[in-house]
Amino acid sequence: MKTRLFLKSVALMSVMLMLASALAGAANFKKEYKLQVNVGPTFYWGMGAQKFADLVNEKTNGQIVVKPYFGSTLLKGAQLNAFQMVAQGVIDVAFESTINSATVLPQKNIFSLPFFINTLENLDKLETGETGKAIFAAMEEKGVMPLAWGENGFRQITNSKKEIKTPEDLKGLRVRVVGSPIFIDTFKALGADPINMNWGDAVTAFQQGTVDGQENPVGVLIPVQIHQYHKYATFWNYLADPLMIYWNKKDWDAFPDDIKAAIKEAAEQAARFEKALSRAGLDGDVSLNILKNEFNYTMEVADPVKFLQEKGMTVSTLSDAELQAFKDAVKPIYDTWVPKIGEDLYKKALADMGQ
Ligand code: X2X
């Protein structure tokens with residue numbers, strides 16, 4: 001009788017201990033992890049961010065709650081502060097463009113060298129190669145844990161004034177660019193009049209016509225309905241901005257291994273989904289099939305170029321000779337910016353692309 005009672009109380013105590021440690025464990029997690037996203041939820045990038053939040057929830061059985069804050073509301077629109085805020089732990093996690101952290105991490109400007117990467121294949125090679133590794137390492141050094149590569153995509157120029165086929169066509173054109181200095185330099189070199197502006201203010205500027213043009217990938221152009229403001233687009237693939245999912249490193253390091261594994265898996269899957277959205281209709285059937293087969297998702301706009309044309313836009317492409325004129329005009333950018341990016345990283349990028 002006594003032994004039974006003893007066993008019962010031991011069992012009860014161990015249940016209580018288990019409960020206490022589960023509670024203590026749970027208390028280590030924040031009620032909500034704030035996710036910074038520069039664009040809104042209808043953008044391909046925004047959809048990827050929501051997917052990430054959903055997958056984290058699912059894979060951690062609701063233990064980790066990631067909440068997306070769209071339109072840079074956490075930053076009051078100041079998109080270039082995203083990286084620092086995550087490094088400092090003011091914001092927990094970001095799904096963000098390389099452009100928006102290049103002021104803190106100049107290495108990321110490797111993706112913003114004009115007419116350097118040129119193809120999706122090269123972009124993949126940089127991300128999976130030595131370039132990507134070096135960028136991941138630089139991020140960790142600055143206090144953030146990179147988890148996966150997504151994609152905003154190859155940025156195309158649109159405007160309300162005229163078809164752009166030569167650098168001369170850009171003369172005096174007021175082009176909204178992100179406030180990252182390499183963009184100002186590049187558009188000055190091309191003879192345009194770059195106006196730097198946060199994305200949150202840019203849409204109003206398109207509506208009011210205070211700028212003539214802008215540059216962004218189809219994943220932004222289509223959701224923002226650029227055809228309402230601009231009649232001309234030139235698909236010149238001049239540079240691409242990858243997106244990255246990254247977490248405050250101190251918090252990341254403190255997570256138990258199973259949570260780390262679940263979040264990492266969520267990041268990789270969400271990034272794969274988002275990348276496929278951004279590439280849909282630009283890489284034959286590859287991304288359309290990834291969306292259908294892996295995510296049971298049918299793309300509404302299966303051919304972005306055709307979509308913009310049907311909305312009344314003139315979509316131009318450039319011949320090799322036409323492209324060369326732009327490449328010649330931006331040569332000085334390499335002289336200024338390769339030293340800032342780092343000669344070493346530039347060489348790594350060339351090697352990754354097999355050049
Ligand atoms: O500001 C932009 O142009 C955008 C939305 O593409 C970025 O955040 C880099």
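Predicted model: local features only at pLDDT ≥ 70, side-chain atom pairs only at ≥ 80, totals over all residues.

Colleague: Let's start with helix α5. How do you know what span is expected for α5?

Modeller: The rule is 1.5 Å times one less than the number of residues. Helix α5 covers residues 130-141, which is 12 residues, and the expected value is 16 Å. From the first C-alpha to the last, α5 reaches 17 Å, close to that expectation.

Colleague: Which residues of α5 are buried?

Modeller: They are Thr131, Gly132, Ile135, Ala138 and Met139. These residues cover an arc of only 125° around the axis, so they sit on the same side of α5. On the other side of α5, Lys133 and Glu141 are exposed.

Colleague: What covers the buried residues of α5?

Modeller: The cover includes the helices α3 (82-88), α4 (120-128) and α15 (343-352), along with the strands β4 (144-154) and β10 (240-248). Just after α5 comes Gly143, with a positive phi of about 95°.

Colleague: Now the aromatic rings. What makes the pair of Phe116 and Tyr346 stacked?

Modeller: Two values describe such a pair: the distance of the centres and the angle of the planes. To count as a pair, the ring centres must lie within 6.5 Å, and to count as stacked, the planes must be under 30 degrees apart. For Phe116 and Tyr346 the values are 5.4 Å centre to centre and 25° between the planes, and the pair is stacked. Phe116 lies in the loop between β3 (93-97) and α4, while Tyr346 lies in helix α15, so the pair ties together parts that are 230 residues apart in sequence.

Colleague: Why are Phe116 and Tyr346 called buried?

Modeller: The word applies under 20% relative accessible area. Phe116 has 5%, so Phe116 is buried. Tyr346 has 17%, so Tyr346 is buried too.

Colleague: And why is the pair of Phe273 and Phe295 called tilted?

Modeller: Planes under 30 degrees apart would be stacked, over 60 would be edge-to-face, and the rest are tilted. The planes of Phe273 and Phe295 stand at 55°, with the centres 5.1 Å apart, so this pair is tilted. Phe273 belongs to helix α10 (residues 257-279) and Phe295 to helix α11 (residues 286-295), 22 residues apart, so the pair links distant parts of the chain. Both Phe273 and Phe295 are buried.

Colleague: How do you know that Lys51 is placed at the ring of Phe273?

Modeller: The distance part of the rule asks for the charge to be within 6 Å of the ring centre. Lys51 lies over the face of Phe273, at 4.6 Å from the ring centre. Lys340 lies over the face of Trp337 in the model, at 4.3 Å from the ring centre.

Colleague: How many aromatic pairs are there in total?

Modeller: The count comes to 24 aromatic pairs. There is also an aromatic cluster formed by Phe29, Tyr33, Trp247, Trp252 and Phe255.

Colleague: Let's look at Asp92. What makes its link to Lys30 a polar contact?

Modeller: The distance limit for a polar contact is 3.5 Å. The side chains of Asp92 and Lys30 make such a contact at 2.6 Å. A polar atom of the Asp92 side chain also lies 2.7 Å from the backbone nitrogen of Lys34. Asp92 is found in the loop between α3 and β3, and with a relative accessible area of 3%, Asp92 is buried. Beyond its close sequence neighbours, Asp92 touches residues including Tyr33, Val86, Tyr246 and Trp247.

Colleague: Why is Lys76 called exposed, but Gln225 partly exposed?

Modeller: Lys76 has 80% relative accessibility, so Lys76 is exposed. Gln225 has 35%, so Gln225 is partly exposed. Lys76 is in the loop between β2 (66-69) and α3, and its phi is near 50°, a positive value in a residue other than glycine. Gln225 is in the loop between α8 (218-221) and β9 (232-235), with a positive phi near 55°.

Colleague: One more, please: is Gly46 buried or exposed?

Modeller: Gly46 has a relative accessible area of 0%, so Gly46 is buried.

Terms used: Residues numbered from 1 in each chain as written. Heavy atoms only, no water. Helix = DSSP H or I, 4+ residues; strand = E, 2+ residues; numbered from the N terminus. Buried < 20%, exposed > 50% of the residue type's maximum accessible area, 1.4 Å probe, protein only. Arc of directions from axis to C-beta. Contact = heavy atoms within 4.5 Å. Phe/Tyr/Trp six-rings, centres within 6.5 Å; stacked < 30°, edge-to-face > 60°. Lys NZ or Arg CZ within 6 Å of the ring centre and 35° of its normal. Polar contact = N/O pair within 3.5 Å; in protein donor to acceptor, adjacent residues only side chain to side chain. Lists of a residue's contacts leave out its neighbours within four places in sequence.
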